[in-house]
Amino acid sequence: MLKRNIRLIHGQDSQQVLEVQYAEITHFKDNFTLMATVSALLAGFVFMVFGLEAEQIGEYSKLHATSVAYMVAATGSLCANVLVVCLSTLASMLGPGLALRGPEGSVARALEGMRDEHDRVVRLFLFGVYSFFCTVVCLAWFEYEWPVAAPVSALVLGGIVALRRGSRQLARRFALGEEKAAGSGAAPKPPDAPPPAPPPAGAAPAALEKRGLLQKRGHVRKNWTTRFFEVADGALTCALTYRDREGGRMLRSVMLSGETITCAPVDAADGPTRHAFVVKLRDKAYELELCAASDDDVADWVRAISRNSHAAFRPTPLMSGALRGRRISSGVLKLNAGFHTYAATLTCERLALADDGGVTDVRVARAEAWDGRGRLRAYAPGFAVVEDGGARWEFSCESDDDRDAWLRRLRGCCGSHEHAESFREPPSATSSELPAFFARHSEHSTMCKTPDFGAQQTEAVKAKIPAAPTMTAKDRCVAALGGAGLWTGLVALPLLLKDRYASVFPAAWYAYDPASTATPSPLGLSLGILAVVVGQLFVLAYQYARWRGSTRLGPLVLIQPNEDRRYDYAEGAATHLSQPEGFVLIGGYLSLTWLLRLMPHAYYGFEGGVDWARVLGCLLLQDCLQYGMHRLEHKAHPKIYQESHKPHHRFTNPRLFDAFNGSLPDTLIMIVGPLYATANLIHCNVWTYMAFGSVYANWLCLIHSETHHFWDPLFDLVKFGTAADHHVHHKLFTSNYGHLFMYWDMACRTYKSPRNVRQFVPNGKPPRKWAGSAKHE
């Protein structure tokens, strides 16, 4: 009787499993039907693209890159949507057929196959939707001029961002979690089943503690420094912590529990000792190179670290408490993102946030102060946390003590203290310790105001930023006229010749026939290169006056007063002008595209003057594309960054002559590519393109200047790029990717004001003197 009852119970369980599996198969079938219907509708819309007259596409394909992009995007969208329709139809027919008519076990096979196919079709479906949006953008640029196409593209891109964020939010909200789906084939667990029993006492190995001094190789400078390490946290040990000294400030705390760890001796020929070993955390791509005193010491450390990586260990939290915060994904605030109250627990570099919806595990990559400013209102100051994936969390604190305590712990866990300055207030610098052009700062002018650090200064640093010397009304007028003369000089050649070219050059030199296949006259190309050269002469003369110590063009205030670079003007100018990846490469690109007729026909025309609206449009579009390529070089892959943009970032305190000192791939990716795209998206005549090219090339030089410019307060007001803004990027690497405009950084929340950069505050020591002028000696 007992065996009979057991068989009945197993039969009932199997029947329940089959019912759940059939319900899940029906769910997948409905999903396939819905995706096929929507994809068929999108494919019908896209198919209308191919109804355009063939001669229209053929005519524009020779002139516009938009026609090629238009057809490629339309073809990709059509293929993706048709694939979704076909695969969804086949899966809806074959999957349920196998489940109903197959042999024993076919239901589980059908369910597993439909689940895998469902994931692939969803990816194809999203690709089809995104490519449909891209088709709309290309159609706008193909059919209309840029005043119409630009706002249409902005709206469509906004829709893409909204779709991406909405889909991710829904995926997180309706995620199944770590448990298997109900139809996975296993018998369902009874609702009243008791919780699983705790592991037996011998399941986890005994804790092993280890403390002592080790030599650690730096991650940036690759030098060896002595640090105090400990693999201990009471009785249960599962964290690797190191400090600047025994009992000193924590520099990093790494979670070992449950991580995939490689810890083994290595041969370090350049190490302080031969007894070296390496600790690698595969999931976090984090590596520590360490040197011990002896081979026995290495064996003890390897044994302790490996032992404490057991998943059964749980570390002791470093800090816990209530926090009010919100999450911002990829830098753009969600519309419904409000502050929630979390029960926060910090364990090593992991911040666990618990609320009614569950527990969110945040891996802290960086922690920084936050002034509480939102897009629509201001909150109590607090701190911000950046995850490994780039998402940002903002937390509001009730008091400064809470904020400082959390920041101190967070920065100690994620390694920020390794490169941060001390919390001690630096000694104030007296005017006698600073150069002559820093000495007169009794009054603060608009050139360099003393910022209100407030919540930005968690270390309670209250040092003064050096203020500009006091200027009289006459000095201001002279500096303003000098700045206006400089910027006018950048476009002097097109302004001078736009109405006089017919009387200066023969008609055959500027005549252009769009139907001809002959090589166009090089007059426009020569004038364009000459315009940049004339602008460079104005910039070089301006820089020479500043280098000589003249204050007629504005006060001489170093952006980084602690790291003044000493250089010779002749050497700097020669290096600047001879860079092959600078003017040589860009001049070669302009010559190639001009002589081979790769530019739109409008660029070969001399009729009309300078269209300043198109000049501004070209600058905005070029800088927007350059922002994207610049950030791509930083974030796409470490190898890409090393081969392209890293040579330019060796200048952490750049001078004006370092603007084009980088690498050939960097110029091709970040300048030449966006230039060609801009030329094909915004059509203008030769004078407009000359003005745009001269302003663009010379502005890039000016933002690399080592001193503030007189016009920087005005540019900062309208969020044009300043030299201080770009110095922030060279110093921190993770902010201010834009060059000419800061709008893209503000939209993506990668902008950091120079007033909030700790390295731009004097450290109390006199900066190194400038060479080449007796005034600086």
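These questions and answers walk through a predicted model.

Visitor: How many helices and strands are there in the protein?
Guide: The protein has 777 residues, and buried ones make up 46% of them. Its secondary structure comes to 22 helices and 13 strands.

Visitor: Among contacts between residues at least 6 apart in sequence, what share joins residues at least 24 apart?
Guide: Take the contacts in the protein between residues at least 6 apart in sequence. Those joining residues at least 24 apart make up 69%.

Visitor: Which strands close into a barrel, and in what order?
Guide: Six strands take part, and their pairing is antiparallel. Neighbouring strands of this sheet are turned by 45 degrees against each other on average, direction ignored. The barrel order is 8-9-10-11-12-13.

Visitor: Which residue of strand 9 is the bridge partner of M319?
Guide: Strand 8 covers residues 319-328 and strand 9 covers residues 340-347. The two run antiparallel and are joined by seven bridges. In strand 9, M319 is partnered by L346.

Visitor: Which residue of strand 2 stands opposite K210?
Guide: Strand 1 (residues 210-217) runs antiparallel to strand 2, with eight bridges between them. Strand 2 (residues 224-231) is mostly covered, with six of its eight residues buried. Opposite K210 stands V231.

Visitor: Is helix 9 roughly parallel or roughly antiparallel to helix 13?
Guide: Two packed helices are described by the angle and the distance between their axes. Here helix 9 (residues 473-490) and helix 13 (residues 523-547) have axes that come within 8 Å and cross at roughly 160 degrees. Angles over 145 degrees count as roughly antiparallel. Therefore helix 9 and helix 13 are roughly antiparallel.

Visitor: How do the residues of the contact of helix 9 with helix 13 divide into nonpolar, polar and charged?
Guide: Helix 9 brings G485, L486, G489 and L490. Helix 13 brings A531, V534, G535, F538, V539 and Y542. The contact divides into seven nonpolar, three polar and no charged residues.

Visitor: How many disulfides are there?
Guide: A disulfide needs two cysteine sulfur atoms within 2.5 Å. By this rule the count is zero.

Visitor: How far from C748 is the nearest cysteine sulfur?
Guide: C748 is in no disulfide. Its relative accessible area is 22%, so C748 is partly exposed. The nearest cysteine sulfur belongs to C624, at a distance of 8.5 Å.

Visitor: Is F133 buried or partly exposed?
Guide: F133 lies in helix 4 (residues 106-143). F133 touches V156, I160 and L163, not counting residues up to four places away in sequence. Buried means under 20% relative accessible area. F133 has 22%, so it counts as partly exposed.

Visitor: How far apart in space are F133 and V156?
Guide: In sequence, F133 and V156 are 23 residues apart. From C-alpha to C-alpha, they are 6.5 Å apart.

Visitor: Which helices do the buried residues of helix 21 pack against?
Guide: Helix 21 is mostly covered, with nine of its ten residues buried. Those buried include D725, H726, H729, H730 and K731. They pack against helix 16, helix 19 (686-702) and helix 20 (712-718).

Visitor: What is the phi of F733, the residue that follows helix 21?
Guide: F733 comes after helix 21. Its phi is positive, near 75 degrees.

Visitor: Is N736 buried or exposed?
Guide: N736 sits in the loop between helix 21 (723-732) and helix 22 (743-747). Its phi is near 55 degrees, a positive value in a residue other than glycine. The relative accessible area of N736 is 0%, so N736 is buried.

Visitor: Where is R597, a residue with positive phi that is not a glycine?
Guide: Phi of R597 is about 60 degrees. R597 is in the loop between helix 15 (580-595) and helix 16 (612-635).

Visitor: Which residues is H649 in contact with, leaving aside neighbours within four places in sequence?
Guide: H649 is in the loop between helix 17 (638-643) and helix 18 (664-681). Its relative accessibility is 3%, so H649 counts as buried. Its contacts are H630, H634, Y641, H729, H730 and F733.

Note on methods:
Residues are numbered from 1 along each chain as its sequence is written. This is a predicted model: local features need pLDDT of at least 70, side-chain atom pairs count only at pLDDT 80 or more; totals for chains, interfaces and linings use all residues. Side-chain values use heavy atoms; hydrogens and water are left out. Two strands pair if DSSP finds at least two bridges between them. Helices (H or I, at least four residues) and strands (E, at least two) are DSSP runs, numbered from the N terminus. Axes are lines fitted to C-alpha atoms, for helices over the stretch in contact, and angles run from 0 to 180 degrees between N-to-C directions. Buried means under 20% relative accessible area, exposed over 50%, partly exposed in between (1.4 Å probe, protein chains only). Angles under 35 degrees count as roughly parallel, over 145 as roughly antiparallel, 65 to 115 as roughly perpendicular and the rest as oblique. Contact means heavy atoms within 4.5 Å. Ala, Val, Leu, Ile, Met, Phe, Trp, Tyr, Cys and Pro count as nonpolar, Asp, Glu, Lys and Arg as charged, and the others, Gly among them, as polar.
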